[in-house]
Amino acid sequence: MRARYGVPLGITAVAAAGLLYSAGFEARSFRLRRVTIPVLPSGMRPLRVLHVSDIHMVSGQRKKQRWLRSLAGLRPDFVINTGDNLSDPEGVPEVLDALGPLMEFPGAYVFGSNDYYGPKLRNPARYLIEKAQGRHGLNGNAPAVGVVHNPWEDLRDGFDAAGWLNLTNTRGMLKIDGVAVEMTGVDDPHIKRDRYASVAGGPSASADFSMGVVHAPYLRSLDAFTADGYPLILAGHTHGGQLCVPFYGALVTNCDLDTDRVKGLSTHTSEGNTSYLHVSAGCGTNRYTPVRFACPPEATLLTLVGRE
């Protein structure tokens, strides 16, 4: 009996332990990363940017809310939120409460698909199938049917009331101690809401520094920002792969970005120009797959410094 069932029982025990770890510990093990990026014009003072993304708030997630509120202690120069704040139609008040201390600082935001639509239960293996077939989101898949519509307007109104810039297919400018920081954003490419043509043309001559902002780092958006000469692009969406293989990395990015750049700082080249790309692994998960493995939830404090 032992010889026949020992291995299956052992595998089951290991799988159960992994599930307990990934859902009970790692998915709630919030981290702050710190990254320095040499993108500012020579002689400009450093800028400290807090990049938050993919909160995927579900009502009752108190530890996540406390951690987000604590980030205000970093006192960044400004905050960039790259979307997917919600994973619960009832989560808007808790998102606004958790980000309340951060909204005391200048900031800007774009939305992701989960801000507009509620999540659906999916087989995680579909992400691997879609990757193999080159299909992601509404980019190649059939339009979503029977989806829940989230109250994203309430989220927008809360951010706008705090003075954060809405970068939905538009540009915005922040003044940070006399420095004009321009941000150009597009709506979520994952659901084909991006309209880069409406913001094309590159950085404004009046800006001291310009950057691109997008939720999902699809190559068409990265190509456009880079070709237009933006030195830095911020994105989220990938969850860093969410379920990664130790010593190997991510299996999927849920978009057409390669897995080598699924999170953290990298570069992107288009039409002879090169931009820095920072992809946040985010601090949440879809409510139906509340697990992370070898990919803890995060926010990032970016210190932008002068180019050498």
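Residues are numbered from 1 along each chain as its sequence is written, and side-chain values use heavy atoms, with hydrogens and water left out. As the model is predicted, local features need pLDDT of at least 70 and side-chain atom pairs count only at pLDDT 80 or more, while totals for chains, interfaces and linings use all residues.

**Aromatic rings**

Rings of Phe, Tyr and Trp (its six-membered ring) pair if their centres lie within 6.5 Å; planes under 30 degrees apart count as stacked, over 60 as edge-to-face and the rest as tilted. The count of aromatic pairs comes to eleven. Two of them are set out here.

| Pair | Centre to centre | Angle between planes | Class |
|---|---|---|---|
| Tyr109 and Phe111 | 5.2 Å | 45° | tilted |
| Phe225 and Tyr230 | 5.6 Å | 85° | edge-to-face |

Tyr109 and Phe111 are both buried, where buried means under 20% relative accessible area, exposed over 50% and partly exposed in between (1.4 Å probe, protein chains only). Phe225 and Tyr230 are buried too. Ring pairs also join Tyr109 and Phe111 with Tyr116, Tyr117, Trp152, Phe159 and Trp164 in a cluster.

A charge sits over a ring if NZ of Lys or CZ of Arg is within 6 Å of the ring centre and within 35 degrees of the ring normal. Tyr116, a member of the cluster, has Arg193 over its face at 3.8 Å from the ring centre. Over the face of Tyr218 lies Arg220, at 5.3 Å from the ring centre.

**Cavity**

On a 1 Å grid over the protein atoms alone, a cavity is a set of points where a 1.4 Å probe fits but cannot get out, and lining residues have an atom within 4 Å of a point. Grid points are joined across faces, edges and corners, and a volume is the space filled by probe spheres set on the points. The model has one cavity of 30 Å³ or more, and the largest cavity holds about 40 Å³ of space. Its lining consists of Tyr127, Glu130, Lys131, Arg135, His136, Val252 and Asn254. By class, two of these residues are nonpolar, two polar and three charged.

**Arg75**

Arg75 belongs to the loop between α2 (62-70) and β3 (78-81); helices (H or I, at least four residues) and strands (E, at least two) are DSSP runs, numbered from the N terminus. Arg75 has a relative accessible area of 59%, so the residue is exposed. Leaving aside residues up to four places away in sequence, Arg75 touches Arg48 and Phe105, contact meaning heavy atoms within 4.5 Å. Met183 is 108 residues from Arg75 along the chain, and their C-alpha atoms are separated by 20 Å.

Technical notes
On a 1 Å grid over the protein atoms alone, a cavity is a set of points where a 1.4 Å probe fits but cannot get out, and a pocket is an open set with protein on both sides within 12 Å along at least five of seven lines; lining residues have an atom within 4 Å of a point. Ala, Val, Leu, Ile, Met, Phe, Trp, Tyr, Cys and Pro count as nonpolar, Asp, Glu, Lys and Arg as charged, and the others, Gly among them, as polar.
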